[in-house]
Structure formats: C-alpha cells, structure tokens
Amino acid sequence: MFPLDAWVKNETLIYNKTLSKCDSLELLSQAPRAIIVCEDTGFLDFQMRAISSVTNLAGAVFVSKDPSRVEFEFMSCPGVLISATELATVIDYINSSDNPIAAIKFRQTVTGKEVAPSVADYTSRGPSPNCPAVLKPDVMAPGSLVLASWIPNDYTAAVGTSTLLSSEGFNLISGTSMACPHASGVAALLRGAHPEWSHAAIRSAMMTTATELDSSMMPIKDVGRNFTAASPLAMGAGHIVPNLAMDPGLVYDVTPQDYVSLLCSMNFTRNQIMTITRSNMYDCANSSSLDLNYPSFVAFYDKNVTTGAMLTHRFRRVVTNVGDGRTRYEVKVTAPMGTKVAVWPQSLVFGKKNERRDYYVDITYASDGEGMVSHGSIVWVEESGKYNVRSPIVVAPTSGGK
C-alpha cells in the first residue's frame with residue numbers, strides 16, 4: 001500500500017520500454033523507487049491495479065487517448081492522466097535531464113479558470129433512431145464529476161488494493177444520469193412558477209433560452225469530437241439557463257393530439273397508440289406529417305444520393321406569446337453551411353398575452369457525399385431586445401454524419 005506522503009514528494013521520473021508497459025508485476029516489483037511513465041496499452045484499469053500492487057513505486061503517469069477517463073476512474077495510487085501529445089513532452093524532458101524528477105499533488109478545486117461548459121464524449125447523441133424527425137437531444141446540463149448522494153455503506157475510493165474508503169454518503173459521479181436530475185429540477189421549478197404551462201411549454205422554455213456559448217463567449221466545444229464546436233446533435237439547443245427559462249417570451253406548445261398525429265405518421269397501429277394514450281379520444285385523421293411543433297428543426301439527406309442534388313424541407317411552427325402582452329418579433333436566421341433558409345412571415349405581431357402566431361420555414365440544401373453535419377439557428381428577436389427565442393437547425397445524413 002502507498003504511504004500518503006508519496007503524493008507530495010519529488011521523486012525520480014523514469015521511462016523505458018521494458019517497464020513502461022506497466023503490465024508485469026514481476027518487472028514492476030524490480031523497478032527503483034520512482035514515478036514511472038506508463039505507455040498507453042489500452043488497458044488503463046489493469047495498469048492502475050498493477051501500480052497499486054507494488055510497494056517500490058511512488059506513483060505513475062498514465063497515458064490515454066480518451067480524455068474522459070479521468071471522469072470515470074478513481075486513482076488507487078498516486079497518479080496523473082495525460083494525452084499522447086503530452087507524453088512526448090514528458091519523454092523529451094526525461095531524455096534531456098541528468099536527474100529527471102516529478103511530484104504528484106492532490107488537485108484542489110479552482111474556480112473561474114477553466115472554460116465551461118463542454119460536451120462530454122459520453123453524452124447521449126442524436127439523431128433519435130426511433131424518430132429522427134424530432135431533433136434530439138433537447139438540451140445539455142451539468143453531468144461531469146457531480147457531487148451526488150451515494151450508498152453510505154459502499155466505498156467510493158481506494159488506496160492501493162486493500163484499503164477501501166467511504167465518503168459519508170457522497171460521491172463524484174459522471175454520466176447522463178447526473179445531467180438528467182439537473183434538467184428535471186429546472187423543469188420542476190418552472191412548473192411551480194408557471195402551473196398553467198404544459199409539459200411541452202416547459203420544455204420549449206428550457207430549449208429556446210439555452211445558450212450555445214461557453215464562459216469565454218465562444219461556441220461550446222465537443223470533447224468527443226476533438227474539441228470542435230458542438231452540433232445540436234450533441235448538445236441540443238445548448239446548455240440550460242434556468243433564470244432565462246422563467247420568462248422565455250414565446251413557447252412552442254404541443255397538444256396530446258399533436259403527439260398522436262406524430263405516432264400515426266410513424267405507422268403506429270390504433271392498438272399501439274391506445275396502449276400509450278390509454279384513451280380512444282384521439283384519431284389518425286389528417287396525420288400525414290412528421291412535423292411536430294418543436295422548438296428545433298432537422299432536415300436529413302441520403303449521402304448515397306448524387307452529391308449536389310437539391311432538396312427542400314418545409315416546416316410549420318406555431319408560437320404562443322407568454323411575454324408582456326402586445327409586442328413584435330423579427331426573425332434572425334443563421335443558415336447552416338451550404339443551405340438556404342427562408343422564413344415567412346419575417347415579423348410576428350402579438351396583440352395580447354397567450355395569442356398565437358404561425359410561421360413557415362423552407363430549408364433548401366444539397367446532398368453531401370461526405371456525410372457532414374451542418375447547423376445554424378432561427379432566432380425571434382423581440383422589438384425591445386428583451387427576448388431572443390432561439391431554435392437550432394440541423395442538416396445531416398440519415399446515418400447521423402460526422
């Protein structure tokens with residue numbers, strides 16, 4: 001088992017082809033007292049257990065192509081996790097120094113230094129395989145390294161291979177199961193503030209007020225896509241902003257019959273629909289469209305179709321004024337790359353609260369043989385500037401794209 005002071009000591013840093021696979025207890029037990037650099041063999045869990053099982057090593061520098069591993073692994077030995085690019089720098093340092101040394105210290109929480117949020121590579125991504133016509137996901141919410149309730153009689157960390165540690169009922173957890181409670185909690189708060197709103201109106205408020213920008217006012221990055229700008233297929237409309245969702249200006253509402261019409265268009269049988277609705281009040285009359293009144297737009301193409309073939313997808317949307325009564329909105333369009341987006345009318349005038357107005361969107365685009373995803377947005381801007389009601393647009397191949 002490792003002594004706790006091994007976390008802070010300066011130790012010799014070693015790297016060699018024989019030891020640095022970190023997969024042989026026999027070889028590792030013969031290593032000198034040092035911090036060892038372990039190569040990326042694809043078996044990080046095994047390497048951690050191996051380093052934890054010997055007493056002569058002070059710690060290890062592990063390497064992984066997957067930057068999210070640190071969010072799911074706890075270190076049972078003093079260690080750090082670096083990328084392959086950073087490994088080259090470490091090896092250069094070892095080879096150029098007569099006495100390479102390193103120290104491993106507990107990392108303390110530092111606020112205001114990191115750019116946030118970003119899309120985790122483990123996030124649930126769209127499009128929905130069951131109903132791709134409705135853009136998914138809806139929004140993103142905090143889900144990485146969340147301090148959450150935990151089984152009080154279960155361990156949350158280990159030192160070495162035999163000392164298990166408890167944290168009195170709390171644990172740091174990452175996953176969509178952590179993001180879901182955040183989003184659900186915001187929805188519950190909105191329900192309390194606006195008991196007259198439907199579930200669809202609450203979802204709409206969360207989506208149209210979400211932000212696509214991080215703390216540096218740049219597009220949110222996708223960790224799972226090499227830190228490129230995240231698409232709505234990864235983050236939906238963006239990161240939830242609860243305070244803005246309290247007063248969204250406009251909402252996209254959906255009735256039970258609208259959902260039934262969607263199921264009809266997906267060729268659900270009457271019996272299947274009744275199993276879901278538990279009612280025979282709804283029917284499939286005039287249910288030929290998959291165009292649900294959703295605060296987002298997605299248009300698909302078949303990447304096997306001749307590149308350059310032009311396609312046009314038309315949408316109809318209805319918005320309800322939940323703002324301050326009489327007002328006017330103007331549309332602002334950011335078209336996805338390689339597309340033309342037409343919106344009419346370009347102005348929406350409301351005479352009172354809860355009044356509804358409809359509008360249409362035509363997205364004209366070409367099939368892309370490379371299977372690329374492009375995205376943009378439609379924003380309805382209120383005349384005083386108080387509200388910016390934003391909906392994402394996605395153009396993607398039917399298989400999901402790059």
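Here's a quick briefing on the confidence, cores, sheet and aromatic pairs of this model.

It's a predicted model, so local features need pLDDT of at least 70, side-chain atom pairs count only at pLDDT 80 or more, and totals for chains, interfaces and linings use all residues. Residues are numbered from 1 along each chain as its sequence is written, and side-chain values use heavy atoms, with hydrogens and water left out. The protein chain averages a pLDDT (the predictor's confidence in each residue, from 0 to 100) of 88, and 90% of the residues score at least 70.

**Where to be careful**
- Over residues 1–6, pLDDT stays under 50.

**Nonpolar cores**
- A nonpolar core here is a set of buried Ala, Val, Leu, Ile, Met, Phe, Trp, Tyr and Cys residues joined through side-chain atoms within 4.5 Å; buried means under 20% relative accessible area, exposed over 50%, and partly exposed in between (1.4 Å probe, protein chains only).
- The largest core has 25 residues, and Trp197 and Leu190 are among those with the most contacts (heavy atoms within 4.5 Å) inside it.
- Two or more residues of this core come from each of α5 (176–193) and α6 (199–208), and α6 gives the largest share, 6 residues. Helices (H or I, at least four residues) and strands (E, at least two) are DSSP runs, numbered from the N terminus.
- Not counting residues up to four places away in sequence, Trp197 touches Arg191, Ile202, Ala205, Ala245, Met246, Pro248 and Val322.
- A second, separate core has 23 residues, including Tyr301 and Tyr359.

**The open sheet**
- Four strands line up as β13-β15-β19-β17 in an open sheet with antiparallel pairing; strands pair if DSSP finds at least two bridges between them.
- β13 (250–251) and β17 (340–344) sit at the edges with a single partner strand each, so one side of each has no neighbour in the sheet.
- β17 pairs with β19 (residues 356–366) over 5 bridges, and Trp344 has Tyr360 as its bridge partner in β19.

**Aromatic pairs**
- The whole structure has 4 aromatic pairs: rings of Phe, Tyr and Trp (its six-membered ring) with centres within 6.5 Å, where planes under 30 degrees apart count as stacked, over 60 as edge-to-face and the rest as tilted.
- Trp344 and Tyr360 are stacked, because their ring centres are 5.6 Å apart and their planes at 15°.
- Trp344 is partly exposed at 34% relative accessibility, and Tyr360 is partly exposed at 29%.
- Tyr359 and Trp380 form an edge-to-face pair, 4.9 Å centre to centre with 65° between the planes, and both are buried.
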